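Please keep the model open beside the text.

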Amino acid sequence: MTETIAERPAVVTTEKVDQGVKTRRVAVIGCGHVGLTVAAGLGELGHSVVGVDVNEGLVTELCRGELRIHEPGLADLVRRGLDSGRLAFTTHYDYAVPEAEFIFLAVDTPQTLAGAADLRNIRAAINSLAPALNGSSPIIVNKSTSPIGTGETIEELLREALVERNVRARIVSNPEFLQQGRGVDDFFHPDRIVVGSRSAVDALEVASLYEGLHSEVIVTDLRTAEMIKYVANSFLATRISFINEIARLCESIGVDIDQVVEGVAQDPRIGSQFFRAGIGFGGSCLPKDVAALRYVGETFGVATPVLSAVQEVNRMQRTSAVRRLQSRLGSLEGRRIAVWGLTFKRDTEDTRESPAIDVVSLLSNAGAHIQAYDPAVAANPSLVPERFRPFLRATPLEAVQKADALAILTDWTEFKDVDLVTVRAAMINDLIFDGRNVLDQAEVEALGFAYIGVGRSATLPRRRRTDR
Ligand SMILES: NC(=O)c1ccc[n+]([C@@H]2O[C@H](COP(=O)([O-])OP(=O)(O)OC[C@H]3O[C@@H](n4cnc5c(N)ncnc54)[C@H](O)[C@@H]3O)[C@@H](O)[C@H]2O)c1
């Protein structure tokens, strides 16, 4: 896979950043999707940044400029940071923390079985960094998405750890709003920078790190900043589930969702972002953040029926995909189904909570033989569960060989460029389920395919071709 930012001319380069940004010493704890982007971005802005991660293999690779994640433009940024000496990586807190004026927490906060956010990694990070503080009082900046009250918990943990020493606990919540697949662009063009703290001075100190970006800065208290992040993600998830519910209605009444969206989204109060029908939302953020906000509601005894419905509709999109394939193919037992796309969306290697993975599991459990292609997974099969690896194929065309149906489950741009005449010739049957509405229905049908999109008007079932 090539790393390119050519299609994104808006991505900032050092020339576009205001010179004169005061260089600060920053440690970033956790070098995953968020931590690495923030570390490399802050380095590009002129700060001196050390990324810390407990994963030794990851750190070794990062020191060589090798990335495990697929994020357009990030490899170039990391390479520039390493070459300039503004960016380094380590597993040793002792190396990064004592000198740091700002310590960012960007560790993962996964979902517990109960739906809460698991704060074990945050606690572990605080326990590791506290002994390395050498009398200075750096600002601890929490970027990990974590429940309302986490900033105060971090404060208490630090106070306990630092009780014997003359170090102040200074905490700022600085939620991250980047989207995977366009993280670099989002870092350099944030819609807003939210900084929440007990101390407005500390909050503004953190905001000053981003000075070159000219973004609006919103200063709040700790809890408000934490709430802003959960509300933002839960609202995006709500939009997706809402339009998916409407899409299922459209399927039944014979109305086209794309036209409905076009007619609705022109209203500037509504807009078109996160308003496309498909097989549902996934990834490491939206599902867990909706669950965590519901959990916050339960903790405070406040009912959250909208959030419950958002989750329910999201589950239904997966089962609806399988049901619709079944309604055309009959039993799925022994059917050969080609799948294009396994990551939770395009331009990322991330398969966490991917709707595509869920749909493949359902299809496989129903007895279908899966032949799957995904550009990121083809390059790194360990991204999917072991039982999926025999399903993998090296190209989109290998995946469709002798298939009864093709299911498009991720909206990778390259799927639009595959020659569908060749695809049809390779398949036994001519059914396409377009779970992301990436294809032009009229064009596909003109080629002789039977087409099912999400919320798109159904075509009449075609006779099964038995001549090939
Ligand atoms: N991925 C996104 O698009 C996104 C966007 C906004 C916010 N967030 C939030 O940011 C946080 C990080 O998400 P991510 O996607 O970058 O996670 P990730 O899983 O990609 O990376 C987390 C990294 O933290 C490291 N880590 C864990 N515990 C550690 C410790 N004690 N010390 C040092 N390193 C440790 C892990 O080894 C891993 O490399 C989460 O709270 C997430 O909800 C994510």
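A residue is near a molecule if one of its heavy atoms lies within 4 Å of it. Of the 27 residues around the ligand, Asp-53, Tyr-93, Thr-109, Gln-180 and Lys-288 come nearest. Before going further, please note that this is a predicted model, in which local features need pLDDT of at least 70, side-chain atom pairs count only at pLDDT 80 or more, and totals for chains, interfaces and linings use all residues. Residues are numbered from 1 along each chain as its sequence is written, and side-chain values use heavy atoms, with hydrogens and water left out.

**Around the ligand**

Where does the ligand lie? Domain 1 (22-220) and domain 2 (231-310) both contribute residues to its shell, so the ligand lies between them; the domain bounds come from an automatic or database domain assignment. The table gives polar contacts, meaning pairs of N or O atoms within 3.5 Å.

| Residue and atom | Ligand atom | Distance |
|---|---|---|
| Lys-288, polar side-chain atom | oxygen | 2.6 Å |
| Gln-180, polar side-chain atom | nitrogen | 2.7 Å |
| Val-34, polar backbone atom | oxygen | 2.8 Å |

On its own the ligand has 830 Å² of accessible area (Shrake-Rupley method, 1.4 Å probe), and the protein covers 90% of that area. Helix H1 (33-44) and helix H5 (120-129) are the elements that give two or more residues to the shell. Helices here are DSSP runs (H or I, at least four residues), numbered from the N terminus. H5 supplies the largest share, three residues. By class, the shell has 12 nonpolar, nine polar and six charged residues; Asp, Glu, Lys and Arg count as charged, Ala, Val, Leu, Ile, Met, Phe, Trp, Tyr, Cys and Pro as nonpolar, and the others, Gly among them, as polar.

A cavity is a set of points, on a 1 Å grid over the protein atoms alone, where a 1.4 Å probe fits but cannot get out; lining residues have an atom within 4 Å of a point. Points are joined across faces, edges and corners, and a volume is the space filled by probe spheres set on them. Two cavities of 30 Å³ or more turn up in the whole structure.

The largest cavity has a volume of about 60 Å³. Its lining includes Asn-142, Lys-143 and Glu-226, and helix H9 (residues 222-253) gives the largest share, three residues.

The second largest cavity has a volume of about 40 Å³. Among its lining residues are Glu-251, Arg-324 and Phe-433, with helix H12 (residues 305-329) giving the most, four residues. Domain 2 (231-310) and domain 3 (321-453) each provide at least three residues of this lining.

Conventions. 1 Å grid on protein atoms, 1.4 Å probe; cavity = no way out; pocket = protein on both sides within 12 Å on 5 of 7 lines; lining within 4 Å. Polar contact = N/O pair within 3.5 Å; in protein donor to acceptor, adjacent residues only side chain to side chain.
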